[in-house]
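Hi everyone, thanks for making time this morning. I'd like to walk you through one model, so please have a look at it with me.

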Amino acid sequence: MDFENYKLNDFLMDDSFCNSVKNPNSDDGLFWDTWLSEHVDKKDEADQAKKIIKSISFSDRSFSKNEITELWKNIQQRTSKINKKKTVSINFRLWNYIRVAAVLLPFIATSVLFLIYRDSPEPKIMVQIPVIQKINPKGQKLTFFLSDGSKVRLNSESSISYLQTFDSTQRVVTLEGEAFFEVTPDSKRPFIVRTGEIETTVVGTSFNVEAYPAEEKVKVAVKTGKVSVNIPRPKTNDVSGETIVLSPMEMATYSRKTNKSMVSGYDPLTVLGWSEGTLHFENASMSEFILKLERWYGVDIIVKRDKPVPKGITGTYTQLPLEEILMGHRSASEFDYEFLPNGNVIIK
Amino acid sequence: MGFVEFHNAKDSYIWDKFLEGNSNAFEILYERNISLLANYGKRLCQDKELVKDAIQDVYVDLWRNRTNLGRTDSIKYYLLKALRRNLVKKLVSAKTAEVKKYSANDGSEAFETAHDFTLMTLEFESEKIRQVHDLLDSLPARQKEAIYLRFFNGLNFTEISSIMGINQQSAYNMVFRAIESLREKVVSAPVILLLITLLADG
């Protein structure tokens with residue numbers, strides 16, 4: 001940098017010079033101190049620039065002390081809620097580890113027995129691959145990549161677990177809740193999504209799986225490529241029951257109650273919109289509406305009314321505050337709402 | 001308060017501790033930056049309660065997303081940017097709610113009218129100082145915002161452009177034009193030169 005040619009404007013526009021005026025003790029401050037002592041001919045212009053910078057002052061409009069304390073209390077109240085949720089999910093995580101361990105136990109036991117009975121002294125190193133688990137509380141979404149490059153977008157109140165590095169024969173993830181997958185093609189290693197009852201197998205494609213434990217229906221919707229869904233035979237948990245092959249724009253809906261499944265088309269906005277940040281309702285019932293809002297915004301919504309809403313709720317929202325959505329539907333759906341200090345909502 | 005060790009710590013240290021989930025560090029992040037945010041927020045939007053809500057959201061989001069955040073060189077830049085984004089969102093939706101339809105709306109327009117970067121009125125206000133301030137006051141709102149971010153908050157052009165959602169060249173031009181007219185005054189009018197000298201003495 002040739003600061004030798006600096007004019008008043010150049011000093012004023014120089015980041016490091018401005019910083020040196022604001023923070024004389026910073027590195028920038030020391031630098032310009034030294035530099036100016038070596039370039040006395042620039043001192044006048046530099047001084048002028050300094051004065052201009054100093055003369056630009058704005059009035060203080062901060063909040064009062066009380067307001068600042070009050071605001072902090074509100075923040076603390078809201079963050080403590082997040083912390084509580086974290087604790088719950090840690091328990092949940094532990095439980096999942098136990099579950100994974102329970103599944104793995106017979107295999108380990110068999111291997112150990114096999115090794116013993118083989119009566120061979122050959123040393124075998126068993127490499128344990130860590131199981132990764134991602135858990136989203138309500139109100140949070142997460143996008144990440146698996147070791148094979150596949151992209152996962154995990155919806156709120158959902159969890160997924162998988163091996164840190166997949167083995168050479170298959171790529172298995174276990175899902176509770178909802179996720180959208182964009183799977184890296186690999187014909188030698190099928191990609192399998194386990195969701196309790198049903199198992200979804202693909203080679204390379206993008207698709208959505210919705211399998212919230214509390215909900216009666218499990219849905220698999222395909223955006224691109226082909227997906228095969230294994231449905232268990234009624235009253236058994238044998239996943240080799242029935243296989244449905246889905247093409248793009250097709251969705252399989254499996255009922256946990258009846259063990260029956262059906263294939264249909266689907267509305268991309270309703271089913272996949274969430275993965276692109278769009279919340280969409282298509283003729284939704286009040287309970288559907290509330291459940292989705294709770295997950296999306298990470299709040300609890302308490303319904304204190306017995307009248308059903310007159311008609312289905314329809315709407316598309318991108319990055320809108322919760323209150324806007326409620327306000328928009330208040331009159332049409334004949335409900336009223338109230339925000340509690342902790343951010344939760346009562347619907348009347 | 002049991003976190004004396006943090007009070008004199010560097011911003012980067014506080015930030016690292018905060019990323020680890022230390023709630024005391026989080027409180028320091030609040031204490032150190034609240035005035036900065038309040039000042040900026042209230043200049044962007046006259047509605048004080050809305051500004052408070054936005055600041056609340058910024059901190060709650062910060063805490064909620066801390067596991068996904070990386071290290072940062074400039075916390076104040078990060079916070080100012082988050083606040084502006086949140087406020088724009090709130091102002092846009094407030095405007096949208098009025099017309100009761102959820103069409104795509106350009107946020108900048110609703111935002112522009114809310115700008116208010118009024119300069120400080122100094123107690124010892126002399127005629128000359130008022131001239132400098134009048135000049136700055138007469139600048140367009142966005143130019144004034146850029147000047148504010150640069151000279152009041154000490155941000156660099158990359159940060160200013162990112163906060164204001166403009167490219168770096170525009171941010172540079174905005175500040176440059178303001179400085180240029182300021183300099184013209186300074187150079188052409190001897191009175192202002194006098195002011196500079198007066199300030200130097202004071």
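Predicted model: local features only at pLDDT ≥ 70, side-chain atom pairs only at ≥ 80, totals over all residues.

Residues are numbered from 1 along each chain as its sequence is written, while chains are lettered from A and ligands numbered from 1 in the order in which they are written.

Chain A has eight helices and 18 strands; both are DSSP runs numbered from the N terminus, helices being H or I with at least four residues and strands E with at least two. Of the 348 residues in chain A, 26% are buried, and buried here is defined as having 20 or more other C-beta atoms, placed from the backbone, within 10 Å of the residue's own.

Let's look at strand β3 of chain A, residues 151-154. Its covered face holds A:Val152 and A:Leu154, and its uncovered face A:Lys151 and A:Arg153. Which strands pair with β3(A)? One is β2(A), residues 142-145, which runs antiparallel to β3(A) and is joined by four bridges; for pairing, DSSP must find at least two bridges between the strands. Here A:Thr143 stands opposite A:Arg153. These two strands form a hairpin with five residues between them, and A:Gly149 in the turn has a positive phi of about 95°. The other is β5(A), residues 171-182, also antiparallel over four bridges, with A:Ala179 of β5(A) opposite A:Leu154.

Further along, there is an open, mixed sheet of three strands in chain A, in the order β15-β18-β17. Because β15 (301-303) and β17 (337-339) each have a single partner strand, one side of each is left without a neighbour in the sheet. β15(A) and β18(A), residues 345-347, pair in the parallel sense over three bridges, and A:Ile301 has A:Val345 as its bridge partner.

Finally, the contact between the chains. It takes 35 residues from chain A and 42 from chain B, where contact requires C-beta atoms, placed from the backbone, to lie within 7 Å. On the chain A side, the helices that each supply at least two residues include α1 (8-13), α4 (43-55) and α5 (65-118). α5(A) gives the most, with eight residues.

That's my tour; happy to take questions!

How values were computed. Contact = placed C-beta atoms within 7 Å. Buried ≥ 20, exposed ≤ 12 C-beta atoms within 10 Å, placed from the backbone.
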